[in-house]
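Good morning, and thank you for the time.

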Amino acid sequence: MSPRPFIAASAGLITLMAALTGCGIIGGQPADLQIYSARHYDLEGAFGQFTDETGITVEFISGDDAELLERLKAEGVDTAADVFMTVDAGSLWNAARLGELAQLESAVLDGAVPEDLRDPQGQWYGLAMRARTVTYNPDNVDPSEFETTETYAGLADSKWEGRLCMRDATSAYTQSLVASLIDLHGREKTLEIVRGWVANNVEIMSNDILLLEAIDAGTCDVGINNHYYLARTLEENPDLKVDLFWASPDGAGTHVNISGAGVVEGSDNPGDAQRLIEWLATDGQNPFVDGNHEYPVNPTVEPEPGIAAFGEFKRMPLNAEAYGDLNAEAVDLLAEAGYK
Ligand SMILES: [Fe+2]
């Protein structure tokens, strides 16, 4: 879920079936389910397995969250889409608020997905979880240096001057972290925190992988990263000098976000669409999340060994409404603080 280049509405159908069978149309018929998806990776394994198990065929139209939501709005009841799949809780909340998603009643989903990771009206469900937490070079930092109640806020302390690397203000990851801090602490205190990071001469990096490489090289001591980039980089280089610290263990916990999905209001196949989402939240959890080193949302499903090794953590309850509603305020606050 690295930010993707904007894909115009004319972007071609990226058909999974093309990958699986060499043909986007099965027996002259469109696939049973059309998925508008902002997830671009490892779709074949999970969805191929779903098709094998159920006989329900799927194909994808690919784009980023905002572009696909615009497309849904423009197409209205005529849309071919059955499922809307995003990489951000705020986007799901926005889609529901705009009336684009159907209300499901599903005991399976209510049992599989924790309450704060799904819509109370059943319009969307989180399916994969990622954590954005503190990473550091163990040669240069002792984890006892981290503030344990408010770890993100603690990085504003002057002891971190010249030691921080973080993502840019245009990153959705930065924005939803800051939106969650506004939700938690209010605007004034969050502005103070971000100003503190800036006062510490935070070095801004354009992606999470570069950030990890800078920590490994000792260019900076501490960063904030999505956990799966660390898992991915460690897989390639087990000697990487980067450890992870779960933020705010004695406070509100670590910031998380989700990939999730809902059934499109105008779907002509809502039954199969719901079945797909139910499968992804249960039997399909591991095939869906493991390829990208994400956490299952379903507490009965084990994370893959690579990320299980990071240990358990306390997660900040996810407030999708805040991620959706406070995004503009977060962008504004970052600018006011002089955070680039
Ligand atoms: Fe990503």
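Predicted model: local features only at pLDDT ≥ 70, side-chain atom pairs only at ≥ 80, totals over all residues.

Let me begin with charge pairs. The count of salt bridges comes to 16, and I have selected three of them. In one, the side chains of Lys241 and Asp139 meet with an N to O distance of 3.0 Å. This pair links distant parts of the chain, 102 residues apart: Lys241 is in the loop between helix 10 and strand 8, and Asp139 is in the loop between strand 4 and helix 6. Lys241 is partly exposed, at a relative accessible area of 39%, while Asp139 counts as exposed at 51%.

Another salt bridge joins Asp221 and Arg163, at 2.7 Å from N to O. Asp221 belongs to the loop between helix 9 and strand 7, and Arg163 to the loop between helix 6 and strand 5, so the pair ties together parts 58 residues apart in sequence. Are these two partners buried or exposed? Asp221 is buried, with a relative accessible area of 12%, and Arg163 also counts as buried, at 16%; the cut-off for that class is under 20%.

Arg187 is partly exposed at 23% relative accessibility, and Glu329 is partly exposed at 28%. Both residues belong to a network of salt bridges that also includes Arg195, Asp332 and Glu336.

I turn now to helix 9, which spans residues 208–217. Its buried residues are Asp208, Leu211, Leu212, Ala214 and Ile215. Seen down the helix axis, these buried residues fall within an arc of 160°, so they line one face of helix 9. Their packing partners are strands 4, 5, 6 and 7, together with helix 7 and helix 10. At the N-terminal end, Asn207 caps the helix, with a side-chain oxygen 2.9 Å from the backbone nitrogen of Ile209. Just after the helix, Gly218 takes a positive phi of about 85°.

Ser106 is found in the loop between helix 4 and helix 5, and it is buried, with a relative accessible area of 5%. What does its side chain reach? The side chain of Ser106 lies 3.0 Å from the backbone nitrogen of Leu109, and it makes a polar contact of 2.7 Å with the side chain of Glu278. Leaving aside residues up to four places away in sequence, Ser106 touches Gln274 and Glu278.

Finally, the aromatic residues. A search of the whole structure finds eleven aromatic pairs. In one of these, the rings of Trp246 and Phe313 have centres 3.9 Å apart and planes at 15°, so the pair is stacked. Trp246 lies in the loop between strand 8 and strand 9, and Phe313 in the loop between helix 13 and helix 14, so the pair ties together parts 67 residues apart in sequence. Trp246 is buried at 10% relative accessible area, whereas Phe313 is partly exposed at 21%. Elsewhere, ring pairs link Tyr136, Phe146, Trp160 and Phe245 into a cluster. Arg39, in turn, lies over the face of Phe288, at 4.1 Å from the ring centre.

Key
Residues numbered from 1 in each chain as written. Heavy atoms only, no water. Phe/Tyr/Trp six-rings, centres within 6.5 Å; stacked < 30°, edge-to-face > 60°. Helix = DSSP H or I, 4+ residues; strand = E, 2+ residues; numbered from the N terminus. Buried < 20%, exposed > 50% of the residue type's maximum accessible area, 1.4 Å probe, protein only. Lys NZ or Arg CZ within 6 Å of the ring centre and 35° of its normal. Polar contact = N/O pair within 3.5 Å; in protein donor to acceptor, adjacent residues only side chain to side chain. Contact = heavy atoms within 4.5 Å. Arc of directions from axis to C-beta. Salt bridge = Lys/Arg side-chain N within 4 Å of Asp/Glu carboxyl O.
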